[in-house]
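Dear colleague,

I am passing on the structure we talked about, and below it you will find what came out of going through it. Please keep it open while you read.

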Amino acid sequence: FSMIEAVEPRVAEATRQELTDQRNSLKLIASENYASLPVLATMGTWFSDKYAEGTIGHRFYAGCQNVDTVESVAAEHARELFGAKYAYAQPHSGIDANLTAYWAILAHKIESPALAEFGAKGVAELSEADWETLRRRFGDQRLLGMSLDAGGHLTHGFRPNVSGKMFHQRSYGTNPETQLLDYDALAAQAREFRPLILVAGYSAYPRRINFAKMREIADEVGAVLMVDMAHFAGLVAGKVFTGDEDPVPFADVVTTTTHKSLRGPRGGMILSTEEYAPSIDRGCPLVLGGPLGHVMAAKAVALAEARTAEFQTYAQNVADNAKALAEGLLSRDAQLVTGGTDNHLVLLDVRNFGLTGRQAEAALLDAGIVTNRNAVPNDPNGAWYTTGVRLGTPALTTRGFTTSDMDAVADMIVSVLKSTTPTTTSAGAPSKAKFDLTDDARDASLTEAQRL
Ligand code: PLP
């Protein structure tokens, strides 16, 4: 710290304070964790100074032999851990991974057949007319993903996100009564919409997905099945999700982040079948620039950790803790979306406490419980205020919390929410009308964006 302090004391202080804050609060944000010291230390090295555009052994810069080593080790661990034919460790984040995967699928399914049809050997040989045809075909493709309020992610076709702009998109929701995925309804929607890509995966759906059923639906309509396992990659790695709940044997392409339940450095990764590997391997120059050597090195370390028996125990504890948290909340009269959980997260519907999600989030933060507000299916309060609070167990499980600790956490959460009246929270007023202008304007734009 003294080295940082000598250069920029405010950064040294904020970094020190971040450690204190993360230690002195209960981190229940479902997408966060605590990476190990070996992972953190690996991120802070001179690999950060090296450019290595290209792929392993085929770089556009000299002197990339050590980056080749760390990227190869990361990919090898990922292939062996997840049983995938191919792994690509370069994406800088989950969004990068999804964007790279979408473009790689388009390149494989649309560009390559078009090139054969045009009689061209590569994009360099295309005429202006060919380009126009190709652009139209790219722009004509359809994507079907889970809606944001059912638990999907922005990159699964949300209109304000690039995924919603590059594809004709439609989203599937959950059953209005059970709030569970309805595979028959999804199949009917897919039959009618006929997407090029069916995306499965979520950020806030508290249940497991049956990927065998997803595969059947994709096959029936001739769609590529892409699974975004960013949230639950740790549960796949730790062999909690096996059989039909393991996406890797069923999907054509699987994307993930490495920093959530997988407990690695902040970053993304793509797994695929042999068929899609050549297109994904061209992530640079398709979407990406120079890979982050220091982060790929840390991914390799984290993946090595995830291959241990200790990690399998950790992953099982994450799921057991989420169940204990859900049971603790339900036994204290809280309402949960889908009535419970069988993964690493719980979505608490706070309307029976007379609060919005934003007010609940603020009240919990005042009590040292760090969460994020989250839309619930058909949320009456929109995406900014929301009606839910998302709670996840990966971080507290890393700290060694057990199922009985989770019951105590549930007790604290319910006590805080029961003793909160809207005006006592730092989020302010009980009705939307009294929120400040900036928030109202933002809410209006988000609601409008959702409507679109
Ligand atoms: N995919 C899912 C399902 C996510 O939940 C997230 C992040 O919250 C992402 C992708 C994007 O990850 P990143 O923030 O690393 O871009």
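Among the contacts in the protein between residues at least 6 apart in sequence, 74% join residues that are at least 24 apart. Please bear in mind throughout that this is a predicted model. The protein has 19 helices and 15 strands, and its radius of gyration is 23 Å, close to the 22 Å that the globule rule gives for 452 residues, so it is as compact as a globular protein of that length. Of those 452 residues, 50% count as buried.

In helix H9, which covers residues 211–221, the buried residues are Phe 211, Met 214, Arg 215, Ile 217 and Ala 218. Seen down the axis of H9, these buried residues fall within an arc of 165°, so they line one face of the helix. An α-helix has 3.6 residues a turn, so residues three or four places apart point the same way. The face of H9 turned away from the buried side carries the exposed residues Asp 219 and Glu 220, while the cover over its buried residues includes helix H8 (183–193), strand S7 (197–201) and strand S8 (224–228). Just after H9, Gly 222 takes a positive phi of about 70°.

Finally, there is the ligand. Of the 14 residues around the ligand, Ser 93, Gly 94, Ile 95, Ser 203 and Ala 230 come nearest. Helix H5 (residues 94–118) gives the most to this shell, with three residues, and by class the shell has two nonpolar, 11 polar and one charged residues.

Best wishes

Conventions
Residues are numbered from 1 along each chain as its sequence is written. This is a predicted model: local features need pLDDT of at least 70, side-chain atom pairs count only at pLDDT 80 or more; totals for chains, interfaces and linings use all residues. A residue is near a molecule or strand if its C-beta atom, placed from the backbone, lies within 6 Å of it. Helices (H or I, at least four residues) and strands (E, at least two) are DSSP runs, numbered from the N terminus. Ala, Val, Leu, Ile, Met, Phe, Trp, Tyr, Cys and Pro count as nonpolar, Asp, Glu, Lys and Arg as charged, and the others, Gly among them, as polar. A residue is buried if 20 or more other C-beta atoms lie within 10 Å of its own, exposed if 12 or fewer, and partly exposed in between; C-beta atoms are placed from the backbone. The arc is that of the directions from the helix axis to the C-beta atoms. Two residues are in contact if their C-beta atoms, placed from the backbone, lie within 7 Å. The radius of gyration is taken over C-alpha atoms; the globule rule is 2.2 Å times the number of residues to the power 0.38.
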